[in-house]
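I have a new structure open and want to get my bearings. These are my notes, in the order I looked things up.

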Amino acid sequence: MGLRKNAPSDNVMVPATADPFESPKWAPPIWHMPPALVLVVNLVRALVRLAGFLARHPIAVVIVGGLGGLTYALGWRLVAVLAAFAAVCLGCWAAYWWDSFVRLVGYPARARWRHLFVYRRHWQPVMVMSGLAFYRNAREYLPVIKRVAVTATTDRVLVKMLSGQAPGIWRDHAENLAHGFGAALCRIRTASRPGYLWLELVRRDALAEPLPALPVGAEDDHAVDLSSLPIGRREDGSTWRLRLLGTHVLIAGATGAGKGSILWGLVRALLPAVRAGLVQVWGIDPKRMELAFGRDVFNRYSDDASGGMVELLEAAVTEMQKRAARFGGVTRTFIATAADPFIVVMVDELAFLTAYCPERDLRKRADAALATLTSQGRSVGICVVGALQDPRKDVINIRNLFPTRIALRLDEAEQVDMVLGDGARDRSALADQISPIPEVGAGVGYIRLEDSPDPVRVRAAFVSDTDIAAMAGYLAEAA
Ligand SMILES: Nc1ncnc2c1ncn2[C@@H]1O[C@H](COP(=O)(O)OP(=O)(O)OP(=O)(O)O)[C@@H](O)[C@H]1O
């Protein structure tokens, strides 16, 4: 067939089968190109691709070009000496400033490597098999990898979705993506720009091993920062810090989930300030098991079910009202002093006071005191930290008065959203799937940070009985 025999839109009949009853098939005409023209077109294409590649990788081009130019100008021996010198410099950097070396050289190099040899290499088949690619008119449309960043345990891949896609459809295929890219887990995180998302691919669980208790006062004795108390580790390897100033904390977890390690972790982080008289910790332990062991650490303590615990809560309310009367109209920002220390009211099992306590009158008083403290205590330096086994509404109805909530291992999937807020479980807060084996799952949980709707996985450091005894000794030294 000649080159101009058909117009591009013309279809020609294709004799497909020998069946005389089958309807004729129509297909575009086949154009036979002169081989020279095919060669020229392919050559131009290759040159355009090469120019694009060079423009996209300026650093590699400068390094390879520079080395080539130097070898040509100075001879290979001198260039080998220069390369060896550069290698020694990098070695010294790694030996003396390992953290900055890893951050500035190790992670970027690893990110580049994984971008090329894991994500770009497997991208097309994984997208197609997980149903995230799109076909139209025999053309394949794929989402685009924009950036890859790595940490010690996690890869983050910034993706430009296909037009019209939303993160929800990616969440439905998160398991396919994890298997496709050889990760233990894949989470979908929202990006700051519409049309983009982050894939968070966890290669290795940074929280698989229990963490020993953090050292007391490691961060300068006199500078306990009440808005950032170190109590464990986040999944990305950074320190998990919890704010107490200006908030109240609810810790929900089934029995044996490790609520105690968060309560004691907070006391431990506060210890230097307690010793300096700037913070007081009041303990309430209805079960007489958790806080009772280290009762000497608390400035005030009660486990008296016949009214003592409620009286302690009411004492906190009275203190709160006195402070409100003094501070009102004078200051809006609380600063802890020896005269007005920051008070942390720690309750091991909130539901005992609000639901399980057999005496109705005590239950009502406890409910009222907790509601008053959680709704008005923040601005006058009173903070309630409460642990809870069962977060259902009928057990505790003041859940929403706790701005900071932590979900440790929970019994049922529905409880996750009750603790962390609507949609948390859909955003990968799988607190109901945390292992009940203490070495693997105790102290592991999910939190929501102030700056992101996506829950973060964390593990509290384990404060052992010996650590608690040492904490009591630390305070006794000062007395
Ligand atoms: N952060 C942790 N890391 C490792 N193991 C832990 C951690 N916290 C607790 N454990 C282990 O898990 C066990 C149960 O912990 P803990 O008693 O604190 O749970 P809990 O949530 O307070 O349970 P309960 O509601 O029954 O009092 C502990 O005996 C300890 O061995």
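**Notebook: domains, helices and a sheet**

I started with the division of the chain: domain 1 covers 100–202 and domain 2 covers 229–478, with bounds from an automatic or database domain assignment. My residue numbers run from 1 along each chain as its sequence is written. I keep in mind that this is a predicted model, where local features need pLDDT of at least 70, side-chain atom pairs count only at pLDDT 80 or more, and totals for chains, interfaces and linings use all residues.

Next I checked how the domains sit. The C-alpha centres of domain 1 and domain 2 are 37 Å apart. Eight residues from domain 1 and seven residues from domain 2 make the contact (C-beta atoms, placed from the backbone, within 7 Å). Strand β7 (residues 185–190) gives the largest share of domain 1's side, three residues. I noted that helices (H or I, at least four residues) and strands (E, at least two) are DSSP runs, numbered from the N terminus. By class, domain 1's side has one nonpolar, four polar and three charged residues.

Then I turned to the sheet. Ten strands form an open sheet, ordered β10-β9-β18-β17-β16-β11-β15-β14-β12-β13, with mixed pairing; two strands pair if DSSP finds at least two bridges between them. On average, neighbouring strands are turned by 25° against each other, direction ignored.

I looked at one pair up close. β9 (residues 229–234) and β18 (residues 455–460) pair in the antiparallel sense over three bridges, and arginine 233 has arginine 459 in β18 as its bridge partner. Helix α7 (residues 259–275) packs on the sheet, touching β9, β10 and β18 among others, and its direction makes about 140° with that of β9. Axes are lines fitted to C-alpha atoms, for helices over the stretch in contact, and angles run from 0 to 180 degrees between N-to-C directions.

I also looked up a helix pair. The axes of α8 (residues 308–327) and α10 (residues 360–376) come within 9 Å and cross at roughly 35°. Residues of α8 that meet α10 include Val310, Leu313 and Met320.

Last, I checked the record. UniProt's unreviewed entry places "transmembrane region" at residues 55–74 and 80–98; such annotations may be inferred rather than shown by experiment. In the model, residues 55–74 are 95% helix and 0% strand, with end C-alpha atoms 27 Å apart.

Definitions and conventions: Two residues are in contact if their C-beta atoms, placed from the backbone, lie within 7 Å. Ala, Val, Leu, Ile, Met, Phe, Trp, Tyr, Cys and Pro count as nonpolar, Asp, Glu, Lys and Arg as charged, and the others, Gly among them, as polar.
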